[in-house]
Amino acid sequence: MKVIECNRLSKSYERIRAINDLSLSIEENKITGLIGRNGAGKTTLLKIIAGLLHKTSGEIRVFSEEPFNSLKVSANIIFIDDNLAFPKSFCLEDILEAAGTFYENWDMSLARGLLEYFALHPKQFHKNLSKGMQSTFNVILGISSRCPLTIFDEPTVGMDGAVRKDFYRALLKDYVQNPRTIILSSHLLNEIENILEDILLLNKGEKCLHMPITDLKELAVGLRGKKEIVDELTKDMETYHQETLGKDSCFKVVKNNFSQIELQHVKKAGIEMLPVAAEDIYIYLTSGDKGGIDDVFNRS
Amino acid sequence: MMSLTGANLLVTVKKQYFFKLKAYVFLFFNMIAVQILGILLSFNGVMSSGTGNGGFFVSVKTFAGNLIIILTMIWAFFVGRSLTTDEYRKTDFVFVTNRLSSNLSAAGFALTAAIVGGVTASLSGVLFRIIVYFTYGSQNIADQHFFVKPQELLMSMIATTFYIILISAIGYFFGTLARKHPGFNVLLPAAFVGLLFLRVGNVGNISVVLEETVNFFIKEGSLMLFMIKITGVVFALFYSSILMSNRLEV
């Protein structure tokens with residue numbers, strides 16, 4: 001079953017187009033990483049899915065319903081970001097109890113256990129917590145609600161390294177015990193790639209790619225060696241990135257669809273073949289046509 | 001697969017209503033403070049006069065409990081208004097909600113607050129009389145309206161409560177208007193102050209319209225009709241607030 005389906009979805013703010021003609025579908029019980037640079041439209045997409053924002057045009061279906069103003073969608077979704085508003089008069093425990101009255105699958109003992117593990121006192125007030133601790137509390141809320149669709153929008157803002165690791169581990173463990181659809185957005189791919197099944201890469205409001213993370217890791221290959229030889233070998237190939245190294249060497253990242261014969265050619269020509277990390281592919285795919293930050297300084 | 005949860009509007013509204021009662025209970029403490037302030041200020045009396053003749057000196061001091069009710073009305077307006085602000089509304093969207101259920105539960109809370117405000121404001125009037133009775137002594141009280149019959153008290157309680165419900169509905173309506181068009185945040189207080197001056201000057205047609213509007217409520221002789229009028233207007237105010245905010249983004 002498809003949990004989310006978008007068809008030519010667009011969203012504009014005043015003059016800016018945040019989401020442009022996006023079509024995609026997300027299957028149930030998968031952990032999908034929504035990756036993109038700042039301003040790629042990640043938050044906008046997630047807020048439309050959660051029914052917080054309107055679409056401008058196109059179609060969106062969550063659990064086969066239009067999410068905006070749908071109680072059914074709201075009852076089965078929790079949307080966690082660093083901007084959640086809680087009543088000023090509620091301590092952490094009160095918030096957890098309130099969540100328990102609203103969410104049917106809520107697991108109070110898990111919530112209390114996590115609260116204790118992360119050294120959050122139940123009688124503290126949310127606004128008095130540090131940024132990282134607020135984020136920690138928010139993800140506890142997200143995990144314990146066990147919603148069929150759980151959305152984390154940049155959940156680790158302000159968390160220290162150890163807490164981040166614990167969070168990803170807790171999320172994975174609970175997901176294994178209670179499979180559900182989880183979307184995790186981030187601009188740091190290397191941090192979450194180990195827990196993801198699928199990756200959805202957004203760039204400037206458009207879908208850049210949507211595939212299993214294992215495929216992404218094998219999508220590209222890096223070639224290093226004499227520039228003219230590398231250029232000759234890859235002349236008809238899709239190039240993601242290239243840079244010059246020293247006087248006449250270069251490093252080029254191309255799509256990995258070499259045949260066996262071509263691979264032998266490459267080896268014979270003395271060209272090094274290097275695997276490319278998912279994070280690097282993501283950066284190459286989203287860096288645009290500008291020459292990079294160096295160009296800004298080399299202009300004069 | 002994890003089974004989907006069904007959601008029923010009434011059940012959700014009920015949950016949100018109790019959530020709001022618990023979360024915003026401090027608004028009731030504010031009300032108590034406002035009413036105590038009202039009682040203290042009322043001690044000053046609304047009118048004071050004195051005459052002396054030969055060896056006599058008579059001093060008359062007039063007290064009224066109106067101030068307590070007026071202050072409670074201001075509080076009710078503030079309650080209605082704040083329920084529509086981002087801070088209060090965004091909280092609903094952390095949990096299960098849609099715009100209709102959020103509005104209905106807020107309206108339920110506003111009504112509850114207004115009823116509690118109306119009843120306590122009337123009782124504060126009684127408390128104020130008791131305090132006056134004991135501080136000035138029964139022999140010095142010269143007004144047959146000082147002692148209220150239970151039916152009169154009940155009538156005034158109902159009337160006061162309905163006024164306060166109306167005021168909180170107006171607060172809610174203005175708050176929604178201001179959320180839809182932030183310009184109203186400036187425009188509405190300006191219009192209010194402007195109308196005050198108009199009333200003093202008593203010129204132009206607007207002041208006539210305003211008088212008529214006010215008279216529509218306060219000149220109503222029958223309690224029943226008065227209640228029906230207010231209920232209709234309150235319903236219209238909440239209904240239009242719901243319509244206005246039903247397409248708003250969070």
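This is a predicted model: local features need pLDDT of at least 70, side-chain atom pairs count only at pLDDT 80 or more; totals for chains, interfaces and linings use all residues.

A: Stepping back, S6 and S7 belong to an open sheet of six strands in chain A, ordered S5-S6-S7-S3-S8-S9, with mixed pairing. Strand S5 (77-80) and strand S9 (206-212) form its edges, each pairing on one side only. Ignoring direction, neighbouring strands here are turned by 15 degrees against each other on average.

Helices lie across this sheet. Helix H6 (residues 161-177) of chain A lies across S3 (31-35), S6 and S7, and runs at about 160 degrees to S7(A). Helix H11 (residues 278-286) of chain A lies across S3, S8 (198-203) and S9, at about 25 degrees to S8(A).

Further out comes the partner chain. Chain A brings 42 residues to the contact and chain B 32. Together the two chains bury about 3,200 Å², with 62% of it on carbon and sulfur atoms. On the side of chain A, Asn69(A), Leu71(A) and Phe102(A) lose the most area to chain B, together 24% of what that side buries.

Lys22(B) and Glu97(A) meet through their side chains in a salt bridge, at 4.0 Å from N to O. Between the chains, 15 residue pairs are in polar contact. Helix H3 (92-102) of chain A gives the most to the side touching chain B, with seven residues. That side divides into 21 nonpolar, 12 polar and nine charged residues.

Methods:
Residues are numbered from 1 along each chain as its sequence is written. Chains are lettered from A and ligands numbered from 1 in the order in which they are written. Side-chain values use heavy atoms; hydrogens and water are left out. Two strands pair if DSSP finds at least two bridges between them. Helices (H or I, at least four residues) and strands (E, at least two) are DSSP runs, numbered from the N terminus. Axes are lines fitted to C-alpha atoms, for helices over the stretch in contact, and angles run from 0 to 180 degrees between N-to-C directions. Contact means heavy atoms within 4.5 Å. Buried area is the accessible area (1.4 Å probe) that two parts lose on being put together, summed over both. A polar contact is a pair of N or O atoms within 3.5 Å; within protein, one must be able to donate a hydrogen and the other to accept it, and residues adjacent in sequence count only if both atoms are side-chain atoms. Ala, Val, Leu, Ile, Met, Phe, Trp, Tyr, Cys and Pro count as nonpolar, Asp, Glu, Lys and Arg as charged, and the others, Gly among them, as polar.
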